[in-house]
Amino acid sequence: MAHLVTGKVRLSYEHVWDPVSINGGDEKYSVSLIIPKSDTTTIKEIQKAIEQAKQDGKAKFGGKIPANLKLPLRDGDIERPDDEAYAGSCFINATSKDKPQIVDKNIQPVLDRSEIYSGCYARVSISVYPFNTNGNRGIGCGLGNIQKIADGEPLGGRTRAEDDFTVYEDDEDDFLS
């Protein structure tokens, strides 16, 4: 199993505070990592880890690498052509049964849940491994820990309260006085 830390990625479909069940499966923590195609270092590291996982998985795959192996690194321009956030990017979905540790730039724990959201930027530790479960064979991506490094435009249409409102000043007399 290869372990690596990404460069600056954007978080999407983030479920890192509470696990969720996807399609009735086990509850897991999960996040989609949007990786700009310009970050060739991270993409090459992930591709290298995938190739290593293929070799490591030969025993699970009956001695050879299947032609129809499911791979975790995907092209956002091809698979999500209508989603602007994925344009010019690759993405990888990472999951874990264990809650990730979440820290800030200074490696201090992030305790405020509103600090981590779909659209913020982070570095993420991931592990890449082979699987063969119920006839599904492929390479998976495990979610390790998250280091938030920058805010970003929230994804999914959600706005932030500080962007919606200005300070409210009541012109009328305070009805309690």
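Reader: Which residue does valine 103 stand opposite in β8?

Author: Glutamine 147. Keep in mind that this is a predicted model: local features need pLDDT of at least 70, side-chain atom pairs count only at pLDDT 80 or more, and totals for chains, interfaces and linings use all residues. Residues are numbered from 1 along each chain as its sequence is written, and side-chain values use heavy atoms, with hydrogens and water left out.

Reader: In which sense do β6 and β8 pair?

Author: Parallel, over two bridges, with β6 at residues 102-103. Strands pair if DSSP finds at least two bridges between them. Strands here are DSSP E runs of at least two residues, helices are H or I runs of at least four, and both are numbered from the N terminus.

Reader: And β7 with β8, parallel or antiparallel?

Author: Antiparallel, over twelve bridges. Tyrosine 121 stands opposite alanine 150 in β8. β7 and β8 form a hairpin with two residues between them. Asparagine 134 in that turn has a positive phi of about 50 degrees.

Reader: On to the core. How many residues are in the largest nonpolar one?

Author: It has 34, and Leu11 and Val124 have the most contacts inside it. A nonpolar core is a set of buried Ala, Val, Leu, Ile, Met, Phe, Trp, Tyr and Cys residues joined through side-chain atoms within 4.5 Å. Buried means under 20% relative accessible area, exposed over 50%, partly exposed in between (1.4 Å probe, protein chains only).

Reader: Which element gives the most to this core?

Author: α1, with five residues.

Reader: What does valine 124 touch?

Author: Leaving aside neighbours within four places in sequence, its contacts (heavy atoms within 4.5 Å) include Leu4, Leu11, Leu33, Leu143 and Ile146.

Reader: Now the pocket. How much space lies in the largest one?

Author: About 1100 Å³. That volume is the space filled by probe spheres set on grid points, joined across faces, edges and corners. A pocket is an open set of points on a 1 Å grid over the protein atoms alone, where a 1.4 Å probe fits, with protein on both sides within 12 Å along at least five of seven lines; lining residues have an atom within 4 Å of a point.

Reader: Which residues lie nearest its centre?

Author: Lys28, Thr95, Tyr129, Phe131 and Cys141, out of 32 lining residues. β8 gives the largest share of the lining, six residues.

Reader: Last one. Is phenylalanine 165 buried or exposed?

Author: Exposed, with a relative accessible area of 63%. Phenylalanine 165 is in the segment after α3 (161-164).
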